[in-house]
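Dear colleague,

Please find the structure we discussed below. My notes on what was found in it follow directly after.

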Amino acid sequence: MKSMIKFELKNCLLRREAIYIFAAMCILNIIAYLITVYSYYGNPLSSIRSAFDLSILTGHPSRFLYQTFIILLPLLSALIYADSYFTDLKSGVYKQIITRTKQSDYIGAKILTIVIVTFFFTFIPLMLNQLLCLIAFPSVGFDNNFAYPAYDIGYQNYDSSYWLDLTRVQHPFLYNILFMCTASIFSVLFALWTFAISMLFPKGRLVVISSIFFLQLFYSFMVEILNVRSLSFFNFVIPLSQTTTLHFISIVLVMLVISLGIIKMRLNRELELQEV
């Protein structure tokens, strides 16, 4: 199993699509940082906000890039390595591997590789943007235009209906890290869904990848129609949104159980066919 995991990790990290996607994510976050710096260049010191308020997650100048990134997340996460089952089948590598190792080890190594690489390929570019903002902007903002006392700054903008908003006020860096993690977690979940569906329909790579993207859009549309925005995917990954931790855990568990259930069902079917 260990050798299989090493093999899959090596294949993923050397994969052209994975390198391109990771590079594109890093470039996007660097561009967001440059847009923010340009927007505040030459402004009075009293208008400069903290580095935590100006990251790609929370900063107004570059917020549109983060929203674009989130919309494209199902496609980006799928192209990192979640569609590798297709490429293994097409190249004939799948048959060679199955003759040398257990199919359960092969699938398990792929799942673990998808989870690890997809999570960090999403998290690292976002953290890169935050670190760049910490270089250019102060950790405590100077935009106290209303002369609030020091103990009251931030609490004036606190809203209990926003998810984790008290964390934003007390620990802004942790707040941003938590949203980086939630975006990375959903990136992993989209990748697992892509991998699971690809095992059911192994001959339609583009169809499966695009279907996950449109399924996410359809789900978001239905959430708006039914007026249950607290269950919206966007509310879990975009700061200052109204949802709850319970809703987050519930959505993550449902998506995880369904994707792993599909993979398990397909794996059992493959094992039954091998025994016949």
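I begin with a salt bridge between aspartate 83 and arginine 15, whose closest N and O atoms lie 2.9 Å apart. This pair links distant parts of the chain, 68 residues apart: aspartate 83 sits in the loop between α3 (63-82) and α4 (84-91), and arginine 15 in the loop between α1 (2-13) and α2 (16-40). Aspartate 83 is buried, because its relative accessible area is 0% and the cut-off for burial is under 20%. Arginine 15 also counts as buried, at 9% relative accessibility. Please bear in mind that the model is predicted.

Further salt bridges

The structure holds seven salt bridges. Another of them joins the side chains of aspartate 88 and lysine 110, at 3.0 Å from N to O. Aspartate 88 belongs to helix α4 and lysine 110 to helix α6 (residues 103-136), so the pair ties together parts that are 22 residues apart in sequence. Aspartate 88 is buried with a relative accessible area of 10%, and lysine 110 is buried with a value of 0%. Glu8, Asp88 and Lys110 are linked in a network of salt bridges.

Arginine 229 and glutamate 224 form a salt bridge as well, with the closest N and O atoms 2.9 Å apart. Here arginine 229 is partly exposed, at 47% relative accessible area, and glutamate 224 is partly exposed, at 40%.

Overall architecture

The chain contains eleven helices and zero strands. Its C-alpha atoms fill a box of roughly 75 × 40 × 30 Å along the principal axes. Of the 276 residues in the chain, 44% are buried. Among contacts between residues at least 6 apart in sequence, 77% join residues at least 24 apart. The accessible surface of the chain is about 14500 Å², and carbon and sulfur atoms account for 68% of that surface.

The second largest pocket

The second largest pocket holds about 280 Å³ of space. It is lined by 14 residues, of which Phe190, Trp193, Leu215, Tyr219 and Met255 are the closest to its centre. Which helices each supply at least two residues of this lining? They are α8 (172-200), α9 (205-225), α10 (233-237) and α11 (245-275). By residue class, the lining of this pocket comprises 13 nonpolar residues, one polar residue and no charged residues.

Yours sincerely

Technical notes: Residues are numbered from 1 along each chain as its sequence is written. This is a predicted model: local features need pLDDT of at least 70, side-chain atom pairs count only at pLDDT 80 or more; totals for chains, interfaces and linings use all residues. Side-chain values use heavy atoms; hydrogens and water are left out. On a 1 Å grid over the protein atoms alone, a cavity is a set of points where a 1.4 Å probe fits but cannot get out, and a pocket is an open set with protein on both sides within 12 Å along at least five of seven lines; lining residues have an atom within 4 Å of a point. Grid points are joined across faces, edges and corners, and a volume is the space filled by probe spheres set on the points. Helices (H or I, at least four residues) and strands (E, at least two) are DSSP runs, numbered from the N terminus. Ala, Val, Leu, Ile, Met, Phe, Trp, Tyr, Cys and Pro count as nonpolar, Asp, Glu, Lys and Arg as charged, and the others, Gly among them, as polar. Buried means under 20% relative accessible area, exposed over 50%, partly exposed in between (1.4 Å probe, protein chains only). Contact means heavy atoms within 4.5 Å. Accessible areas come from the Shrake-Rupley method with a 1.4 Å probe; for residues, only the protein chains shown count as cover. A salt bridge is a side-chain nitrogen of Lys or Arg within 4 Å of a carboxyl oxygen of Asp or Glu.
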